[in-house]
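Q: Got a model open here. Can we walk through a few spots in it?

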Amino acid sequence: MSTRSSRRSFLGHAAAGFSTLAVSRLAQAAAEPPPRTAQAPLQVEHAVAAPVSVEVNARSIPNFEPRDRSRTRFGSLDYRSGLVLTSPYRGFGGLSGLRFLDNKGERFLAISDQGGWFTGTIRYAGREMTGLADVEAAPVLGADGRPITEKKLWYDTESLARDGNVVYVGLERVNQILRYDFAKGGTRARGEVISVPPALRKLPYNKGLEAMVVVPKGQGQGQPLAGTLIAFSERALDANGNLVAFLIGGPTPGQFSVRRTETYDISDAVLLPSGELLILERKFSWFTGVNIRIRSIPLKSIAPGALVDGPALFAADLGHEIDNMEAIDAHVTADGETVLTLISDDNFSMLQRTLLLQFTLAE
């Protein structure tokens with residue numbers, strides 16, 4: 001049996017629970033950074049200390065389902081290509097947010113859940129990804145120009161939204177949102193804390209702010225959410241057991257809920273150019289390990305007080321090439337194809353991988 005097959009068997013059977021323990025946020029919920037002393041700032045183990053060029057190696061994933069190499073369609077998605085990413089830089093990993101900086105799906109901005117920016121370019125051969133180039137890491141800065149990781153618990157940077165040159169970063173454990181003007185230095189820009197609803201600040205510890213999208217002001221005439229920042233909790237539940245989310249700014253701010261089914265939690269979201277909202281979800285079970293799902297939510301159904309729901313477009317488990325998938329973004333190719341890009345958070349664990357996957361959304 002090959003090393004690759006052995007690993008798959010390991011993940012898929014009795015040891016799946018152990019391997020995915022690092023994937024499940026439950027295993028790390030109790031972990032907190034050491035307290036700050038008067039003599040030294042708070043140390044976050046894998047925090048980026050200063051801007052640095054990063055070497056990233058890539059290995060191709062030719063088949064999304066190793067058990068059936070001829071299969072390319074999975075739900076409403078067609079598998080395009082995938083990469084396993086590794087780096088000798090110890091701060092590389094924990095990737096929890098991804099946004100493209102161009103319309104070609106090449107230049108990207110990613111964020112680590114330990115307070116670090118990662119920028120670079122995805123290289124392609126035809127439609128297949130081949131690797132990353134020009135990767136740089138930089139610390140996420142606060143209003144004082146210092147890395148935010150120097151503040152207690154200000155390191156769990158889990159969500160990322162972009163509106164032109166404006167970038168929003170969500171911090172889960174403290175349930176704060178920082179606003180960055182990338183026209184003022186890109187990843188060297190300083191963040192400003194924005195005002196958020198009191199209920200958002202009270203989200204449960206380590207189950208709070210997990211995904212954000214911005215509805216552009218030019219998203220169409222009559223769009224009631226134009227200019228709104230939509231923020232989703234990972235697993236904060238309302239009185240009926242559904243997932244809590246918020247509308248921040250815009251013409252109709254407020255709170256709404258996303259119907260929770262099959263114990264899935266939210267890990268990220270993306271607003272397609274067509275106006276369709278996709279939510280990336282995951283769940284953990286000791287029997288099946290990690291499962292992921294993508295649901296489509298009609299944007300027009302979202303309003304203060306609403307309970308929204310939508311069909312699943314895609315689902316996968318450890319029989320596929322997945323890990324702790326935490327980020328999703330989209331771009332449209334020159335041929336008009338909508339491409340979804342997913343990336344995983346390896347939790348800086350030797351049992352997990354940083355995966356970069358791409359799918360075409362089938363019509």
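Q: Which residue in the hairpin of β10 and β11 takes a positive phi?
A: N175 does, near 50 degrees. The hairpin has four residues between its strands. Strands here are DSSP runs of E, at least two residues, numbered from the N terminus. This is a predicted model: local features need pLDDT of at least 70, side-chain atom pairs count only at pLDDT 80 or more, and totals for chains, interfaces and linings use all residues. Residues are numbered from 1 along each chain as its sequence is written, and side-chain values use heavy atoms, with hydrogens and water left out.

Q: How many bridges join β10 to β11?
A: Six, between residues 166-171 and residues 176-181, running antiparallel. Two strands pair if DSSP finds at least two bridges between them. L171 stands opposite Q176 in β11.

Q: And what about β11 and β12?
A: Two bridges join β11 to β12 (residues 192-193), again antiparallel. There, L178 stands opposite V193.

Q: Switching to the open sheet. What's the strand order?
A: β1-β8-β7-β6-β5, with antiparallel pairing. The edge strands are β1 (52-53) and β5, each pairing on one side only. Inside that order, six bridges join β6 (residues 107-112) to β7 (residues 116-125). F108 has G120 in β7 as its bridge partner.

Q: S257 next. Buried or exposed?
A: Buried, at a relative accessible area of 9%. The cut-offs are under 20% for buried, over 50% for exposed and partly exposed in between, using a 1.4 Å probe and protein chains only. S257 is in β16 (residues 254-258).

Q: What does the S257 side chain make a polar contact with?
A: The side chain of D238, at 2.7 Å. A polar contact is a pair of N or O atoms within 3.5 Å; within protein, one must be able to donate a hydrogen and the other to accept it, and sequence neighbours count only if both atoms are side-chain atoms.

Q: Where's the space in the largest pocket, and how much?
A: About 550 Å³, and the residues closest to its centre are R162, L271, P273, D329 and A330, out of 21 lining residues. A pocket is an open set of points on a 1 Å grid over the protein atoms alone, where a 1.4 Å probe fits, with protein on both sides within 12 Å along at least five of seven lines; lining residues have an atom within 4 Å of a point. The volume is the space filled by probe spheres set on the points, which are joined across faces, edges and corners.

Q: Which element gives the most to the lining?
A: β22, with four residues.
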